[in-house]
Amino acid sequence: MPDERLEREEKITYDKEEERRRREREKDKQEEKKKKAKPELKPIAKEETTVPEKVKIPIVELDKPTVELKEIEIDSEIPEITKEEVKITIPVVELEKPSIELKRIELDYTLPKIIPEERRLAVPLIRLEKPKKVTCIITTFDERPPQVKVTKKILKIPIYRLSKPVIREIISSFDSRLDAQILNLIIKRKEKEVIEEGQTAEVISPAGESSGGGKEEEGEIEFDILKHIFGISKNSLFSGNPKLVYATNEEFLGAVRYICWRIYREIKGGKAEPKIISNASKEIFKREIENWMKAENRVFSVEFKKDEKLDKDFWESVVDRIEELFGQDIGFIVINQEILFEPKHHIVDLLEIKIPNNLLAEKKLQAELCSIMWGFINPDLLLEETEKNLGQDKFDYIFEVARKIFERKIKSIGEPYVSITKRHRGLNESDDMHYPIKVFVVKYIADTLGLKGIRDVDKMRDIIHTEETFNRDKFGMDETTYPDIHVDSNAQHFANEVFEVETLFGEGEYSLKKIDETIEKYEKISNPPKRVNIVLENLTFLIHLKDIVEKKKIHEKLNRNFELEFWTLDIQNGKLLSLE
């Protein structure tokens, strides 16, 4: 078939070429006849003209191609198609008839009797002693002005001795005696001064007695704010290991995150990366969150839906991610559901947050607690600002409002106190809170000395020195020290005293060792200051309260040749509160 097609095409081409040549030959013959019939013209000029001879092109005729034609017979018959029948067998399955057994059940439609429970409110009984009767008999008239003793606002420390050792990490409620002691930290104590013959007598109301009527014993302090507020001890949080924390009460979840963030900052330094995932479900957790759940350098928080129930099978399915914590650096994973974790190979730090019932119920007590943590801001102001700005007064909102007010007030101190307060030997401060607290202390000292505003800025610079060399024996071989603040020896108050601001950020698991090193540097000079004052921000002060008291006792045992005092901030009144 292809050969025949090719032959036909060649034949058609050849016929077309022959037809073209024939037409050209006929055209050439007609032109030749016309030239012969045309008369010759005489030449105009005498000169002879030569006419070229006509060139004839020979026509070569090609041989016709030899094409072999073949005849092919085509079978035009249609094959016969026979119809076949295919039988398909379908099995018939007979189902058994269902057997239904009817049972008669009698329902108990009577309502259970609910017996009302009587709840008694335990009110701590504080017995106050009668004020001492002081009589003043003036025998002689002294023309000299009386010397008025400067009173300092005193921060009372609750003393609590447990009768039995504490084994569990979780406590269910506040002890009534501790409630009374915490309230005593908040209530402003009234002090009466009686001047008698140039001497000042100070009368202070008792710190309060326990609900049983007996006084607290003097001795070792057992107060751990993290344990009595969140149900976990300070030691269980202060380690370089990652922590798995669960807080089932969502009203306190934000405060728990912040405490974890602050502990990371104190141990590791810098700021942990917060990662918060809300409204999570089990499916989303397994599909997405589980793959990148990590504690190292993070505060990783997952909030499951309130109606989401996480059973033991769920936690067994994510046990590998949890056990990966054993090899990670410090960080926190915070979850709002109970964690039913049973280790297979590795044990991780698992902590439960347990909020006392009375703290859950009393908003006033919550505001007072936040007040202590953030500079003794007025609790009523906290509740008012929270309700006005956020519409409700849950603990996290009160905590955040207090934190924001504290940060705003501590950084709002302006001139001339910023001008006279040097940064750390001309460089940037090590953290964002150290310098503002230092400015706050400078203002407090200036206010105590009666120096106000720009009019007294020259006196401030002469009396209050910041980041300057303190070495009274200039001709000796003493080691040079650079206190944050030291007050001139000619000052009326705080004469020849130094103030050191400590935030403890980035100081490791044994962060309080930084305070020891600060105190010890004044042992190395022959003429130390009269008193070394350590100033701590409120939250740090409360977290380490028990250790601070013990360091004060150790100082007294060592018989150093200078006094030691610890202070925290009364941001509301612009003052410092001492440990005494």
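1. β3 and strand β7 (residues 349–353) pair in parallel over five bridges. Pairing requires at least two DSSP bridges between the strands. Strands are DSSP E runs of at least two residues, helices H or I runs of at least four, both numbered from the N terminus. V245 sits opposite L351 in β7.

2. This is a predicted model: local features need pLDDT of at least 70 and side-chain atom pairs pLDDT 80 or more, while totals for chains, interfaces and linings use all residues. Numbering starts from 1 along each chain as its sequence is written, and side-chain values use heavy atoms, without hydrogens or water.

3. β3 (residues 243–247) also runs parallel to strand β6 (residues 332–335), joined by four bridges. Y246 faces I335 there. Five of the five β3 residues are buried, so the strand is largely enclosed by the rest of the structure. Buried means under 20% relative accessible area (1.4 Å probe, protein chains only). K243, V245 and A247 cover one side, L244 and Y246 the other.

4. The largest nonpolar core has 100 residues; F230 and I445 touch the most other members. Helix α5 (residues 253–267) gives the largest share, ten residues. Such a core is a set of buried Ala, Val, Leu, Ile, Met, Phe, Trp, Tyr and Cys residues joined through side-chain atoms within 4.5 Å. A second, separate core of 23 residues includes F285 and V348.

5. Helix α12 (residues 395–410) has 16 residues and should span 22 Å at 1.5 Å a residue; its end C-alpha atoms are 22 Å apart, which agrees. The expected span is 1.5 Å times one less than the residue count. Its buried residues include F395, F399 and F406.

Key
Buried means under 20% relative accessible area, exposed over 50%, partly exposed in between (1.4 Å probe, protein chains only).
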